[in-house]
Amino acid sequence: MASSASLASLLLLLVAVSMSQAQVKIFNLHASDLPSDILGTTDGFVKVFCGPAALGQTAVRNNNANPWWEDEFTYYKAQENDVLRLEVFDKDLLFHDLLGVCQRQLKAGTHQHDCFLEKGGTLHYSYTLNA
């Protein structure tokens, strides 16, 4: 039978493994059929968040309803079940229109997703979480 010290060590090891951090990489961001506004075709960009961290934003793709962004984002303190949040905007002169928000809990492995935006259009993206 295992001693209480062995069981305590095993428990600490299991907690450490479950709390370990991983790396997430967000890539292959592109959108389709983004809506136009009174100023014309969408000038789209995406803000990227993982858990509590703001990872940055893509470049703005002017006058493009089907933009593709080459930007990639990496976060080294990710954990499985952290929330990946992508906010899609149309850049305007005075303020930026929020077209939609995509949220998903991270799972280990490589995944591709399509997210239907509240104001129209679809955001497509991929991520890899290395646990």
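In this predicted model, D90 is buried (under 20% relative accessible area, with exposed meaning over 50% and partly exposed in between; 1.4 Å probe, protein chains only), yet D90 has no salt bridge, defined as a side-chain nitrogen of Lys or Arg within 4 Å of a carboxyl oxygen of Asp or Glu. The nearest side chain of opposite charge, K119, lies 8.8 Å away; Lys and Arg count as positive and Asp and Glu as negative, while His and the chain ends are not counted. D90 belongs to strand β6, strands being DSSP runs of E with at least two residues, numbered from the N terminus. Beyond its neighbours within four places in sequence, D90 is in contact with D37, T42, D43, H96, D97 and L99, where contact denotes heavy atoms within 4.5 Å.

Residues are numbered from 1 along each chain as its sequence is written. Local features need pLDDT of at least 70, side-chain atom pairs count only at pLDDT 80 or more, and totals for chains, interfaces and linings use all residues, with side-chain values based on heavy atoms, without hydrogens and water.

The largest nonpolar core comprises 27 residues, such a core being a set of buried Ala, Val, Leu, Ile, Met, Phe, Trp, Tyr and Cys residues joined through side-chain atoms within 4.5 Å. V24, I26 and L123 have the most contacts inside this core. Its largest share, five residues, comes from β1.

Most residues other than glycine have a negative phi.

Note on methods: Helices (H or I, at least four residues) and strands (E, at least two) are DSSP runs, numbered from the N terminus.
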